[in-house]
Amino acid sequence: MPESTVNSKQTFALSATFTPAHLKFINAKLEKLSPEKIIEWAMISLPGLIQTTAFGPTGLVILDMINRIHIDQQAAANVHPTPASSSASEDDDEDGSLSRFKKSGYNTRRHPVPLIFIDTLYHFQETLDLAQRVQDHYNIPLKVYKPQDCETAEDFEHLHGKQLWEMDEVSYDYLVKVEPGRRAYQELGAQAVISGRRRSQKGDRSQLDILEVEPGTGLLKLNPLATWSFQQVWTYLRAYQVPFNALLDQGYRSIGDWHSTKPASNPDDERSGRWEGKQKTECGLHVDYFKMRAEFQATQKKKQALLAAQQAIQQRQQEQQPQQVVEVA
């Protein structure tokens with residue numbers, strides 16, 4: 001399988017400016033800002049900025065904030081909006097889509113932060129429906145990345161087997177999340193990534209900084225809503241009529257793949273519906289990349305060695321079978 005890595009030369013060039021002391025100083029300043037101001041700072045200060053999302057509540061709030069900031073910037077610059085995909089005039093707007101977006105107040109110029117969706121092929125249908133609604137609502141292109149050489153779950157299972165998340169959790173997380181994510185970063189020249197992680201989600205996220213440097217890769221990660229609670233997120237979604245996943249109305253709080261997500265069992269722990277019964281709080285995108293890649297590669301070597309051993313045994317058994325002699329009358 002081809003290896004996907006971050007564009008390390010660019011990333012390290014950016015992250016090298018953030019020494020531990022500098023990063024601590026910046027985080028102290030960012031802690032005092034609203035999420036909107038943090039995002040606005042990032043859009044101005046961080047080159048190669050992208051947003052990854054699985055269309056969870058926090059990611060949707062961030063997307064809406066980016067859109068509103070961009071609209072305000074357009075208004076301040078007195079820029080007349082034009083469609084991202086065309087330079088057509090309003091006279092060419094036969095179906096009224098341009099006018100409709102202008103009247104709605106949503107962005108009709110190219111979205112300033114590329115939006116990345118890692119399609120694991122095992123998302124709920126409600127999540128996929130939401131992805132389309134978000135594109136329509138904000139008039140924004142969505143960059144979709146799937147597991148290597150796969151378009152459907154059937155393709156994935158043909159290559160890697162059924163229920164890989166049960167048989168080999170490390171390989172599953174690497175193949176459906178980590179590798180596509182790193183491929184996206186490389187192809188888009190990402191140097192900084194906006195995520196929807198928050199401290200109130202507990203687990204490994206409870207001590208989250210607003211701005212982080214990923215060990216090893218140097219990738220910058222921005223968590224603009226790190227200080228928010230789920231209630232603050234929910235209030236924003238309602239107040240600004242942001243599209244959200246229909247599963248939220250069914251008791252879900254953190255939504256991932258259908259096979260590892262249930263409604264939250266603990267009202268005080270919104271991620272209590274993820275990976276029930278397992279000592280796991282992250283899917284792979286936010287853990288040590290090189291450690292996970294090494295674990296994946298080690299697992300693959302073991303599988304290949306086992307397969308080779310099985311094939312050798314089968315070959316010896318075939319060679320040891322007595323040859324049948326056919327007598328001719």
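User: Why is Q241 called exposed?

Analyst: Q241 has a relative accessible area of 66%. The cut-off for exposed is over 50%, so Q241 counts as exposed. Please keep in mind that this is a predicted model.

User: Where is Q241 placed?

Analyst: You will find Q241 in the loop between α10 (230-239) and α11 (289-320). Its phi is positive, about 55°, although Q241 is not a glycine.

User: How do you know that D149 counts as exposed?

Analyst: We use the cut-off again: exposed means over 50%. D149 has 64% relative accessibility, so D149 counts as exposed. This residue sits in the loop between β3 (143-145) and α7 (153-160). D149 has a positive phi as well, near 65°, and is a residue other than glycine.

User: What makes F156 buried?

Analyst: Here the cut-off is under 20% relative accessible area. F156 has 1%, so F156 is buried. F156 belongs to helix α7.

User: Which residues is F156 in contact with, leaving aside its neighbours within four places in sequence?

Analyst: F156 is in contact with L121, Y122, P147, C150, G161, L164, Y172, L175 and V176. Contact here means heavy atoms within 4.5 Å. Take L121 from that list: F156 and L121 are 35 residues apart along the chain, and their C-alpha atoms are separated by 8.2 Å.

User: Why does Y172 count as buried?

Analyst: Y172 has 3% relative accessibility. Buried means under 20%, so Y172 counts as buried. Y172 lies in helix α9 (residues 169-188). Not counting residues up to four places away in sequence, Y172 touches T120, Y122, F156, L164, W165, K177, D257 and H259. For a distance along the chain, look at F296: Y172 and F296 are 124 residues apart, with C-alpha atoms separated by 9.0 Å.

User: How much of the protein is made up of buried residues?

Analyst: Of the 329 residues in the protein, 45% are buried. The protein also exposes about 17700 Å², and carbon and sulfur atoms supply 50% of that.

User: What share of contacts between residues at least 6 apart in sequence join residues at least 24 apart?

Analyst: That share is 75%. Now we can turn to the helices. The protein has 11 helices and six strands, and two packed helices are described by the angle between their axes and the distance between the axes.

User: What makes α3 roughly perpendicular to α4?

Analyst: Start with the geometry. The axes of helix α3 (residues 35-45) and helix α4 (residues 57-77) come within 10 Å and cross at roughly 65°. Angles of 65 to 115 degrees count as roughly perpendicular, which makes α3 roughly perpendicular to α4. The crossing of α3 past α4 is right-handed. On the α3 side, the contact is made by P35, E36, I39, E40 and M43, and on the α4 side by I62, M65, I66, I69 and Q73. Sorted by class, these are seven nonpolar, one polar and two charged residues.

Note on methods. Residues are numbered from 1 along each chain as its sequence is written. This is a predicted model: local features need pLDDT of at least 70, side-chain atom pairs count only at pLDDT 80 or more; totals for chains, interfaces and linings use all residues. Side-chain values use heavy atoms; hydrogens and water are left out. Axes are lines fitted to C-alpha atoms, for helices over the stretch in contact, and angles run from 0 to 180 degrees between N-to-C directions. Helices (H or I, at least four residues) and strands (E, at least two) are DSSP runs, numbered from the N terminus. Angles under 35 degrees count as roughly parallel, over 145 as roughly antiparallel, 65 to 115 as roughly perpendicular and the rest as oblique. A crossing is left-handed if the near helix is turned anticlockwise from the far one by less than a right angle, and right-handed if clockwise. Ala, Val, Leu, Ile, Met, Phe, Trp, Tyr, Cys and Pro count as nonpolar, Asp, Glu, Lys and Arg as charged, and the others, Gly among them, as polar. Buried means under 20% relative accessible area, exposed over 50%, partly exposed in between (1.4 Å probe, protein chains only). Accessible areas come from the Shrake-Rupley method with a 1.4 Å probe; for residues, only the protein chains shown count as cover.
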